[in-house]
Amino acid sequence: MSRIFFAELRRLFHFRLYYIECAAVVLFSVLYFNPPVIDSFLFYIMIVIGAFSAICVSQFIGMEYSCGTIRNKLATGHTRMEIYLAQLILHIFAAVILFHLSVLTTIIAGAIFNWTYYFSVQTLFAYYLACICTIIFITAISVFVSMQSSSNLSSLVILLVLYIGLSMMGTNFHSALREQEMSMTDTSQVENSLDEHYMDARTRMGFEYLLLINPYGQATYESMPIFESHGEYLPMQILKNPFPKIFLFSAVESIGITAAGILSFRKKAIK
């Protein structure tokens, strides 16, 4: 599998669309920076990482099909599992590079303008690891869809529709949990919130799990770790023990999607 991976890695480094995405990530990080607290934007790229993944993965794998590269790999003795896993690892690597470009751009901009951090290094590192887990989860979905479709256009459309739909759902679940938390932290609104924004424990747990099983729900949570209340920055606490849960949900679902993808790809007719 290493031969396939390094061959695909060389192709990635000559893939112009990927360099365009790298430039777009840096530009996004510069234009949407929200000072003066760096933590409030450090992982904001997670909101759109799914769109970048959809574009890069669908077009890269689509070219594999259109050029007959996958058929040639099979003819030279490589197994379908090797081909699938090589693509998965390659695109995880590519997405992680995009993520690091955004984080590095934000850190450099913060250092230049002397903006501040709210969280400790340990907390930021925990968020960082959670983001990596979610990126793996999102990439697993992108590779699954792209490897099942021989058309780069159809896989792109499917992935973008999934991104938009799941992002809207994840944002709605996150907003519902966040609004309750923000209202409960404002003492002037606590009495009203008990009547207007009250969410019982079972409903809240349901929203939390719906947020966690959705990769873009996880991404929304990771992208907005802080909210502002009366000029004071407060950490989000809408999930209890979020980092172990994100790791667990991402790992289980990523493994399940990858296993399903390999089984499906084994049965796919390659023309």
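Start by selecting Glu-8, Arg-11, Glu-64 and Lys-73: a network of salt bridges links these four. A salt bridge here means a side-chain nitrogen of Lys or Arg within 4 Å of a carboxyl oxygen of Asp or Glu. Keep in mind that this is a predicted model, where local features need pLDDT of at least 70, side-chain atom pairs count only at pLDDT 80 or more, and totals for chains, interfaces and linings use all residues. Residues are numbered from 1 along each chain as its sequence is written, and side-chain values use heavy atoms, with hydrogens and water left out.

Now zoom in on Glu-8 and Arg-11. Their side chains form a salt bridge, 3.5 Å from N to O. Show the cartoon too: both residues sit in helix α1 (residues 2-12), three residues apart, which puts about one helical turn between them. Helices are DSSP runs of H or I with at least four residues, strands are E runs of at least two, and both are numbered from the N terminus.

Switch to a surface view for a moment. Arg-11 is partly exposed, at 23% relative accessible area, while Glu-8 is buried at 3%. (Buried is under 20% relative accessible area, exposed is over 50%, and partly exposed is in between, with a 1.4 Å probe and protein chains only.)

Which residue does Lys-73 pair with at 2.8 Å? That would be Glu-8, in another salt bridge, with 2.8 Å between the closest N and O atoms. Glu-8 belongs to helix α1 and Lys-73 to helix α4 (residues 69-75), so this pair ties together parts 65 residues apart in sequence. Lys-73 is buried, as is Glu-8.

In total, the structure has five salt bridges.

Finally, zoom out and color by secondary structure. You'll find eleven helices and two strands, in the order α-α-α-α-α-α-α-α-α-α-β-β-α from the N terminus. Of the 271 residues in the protein, 49% are buried.
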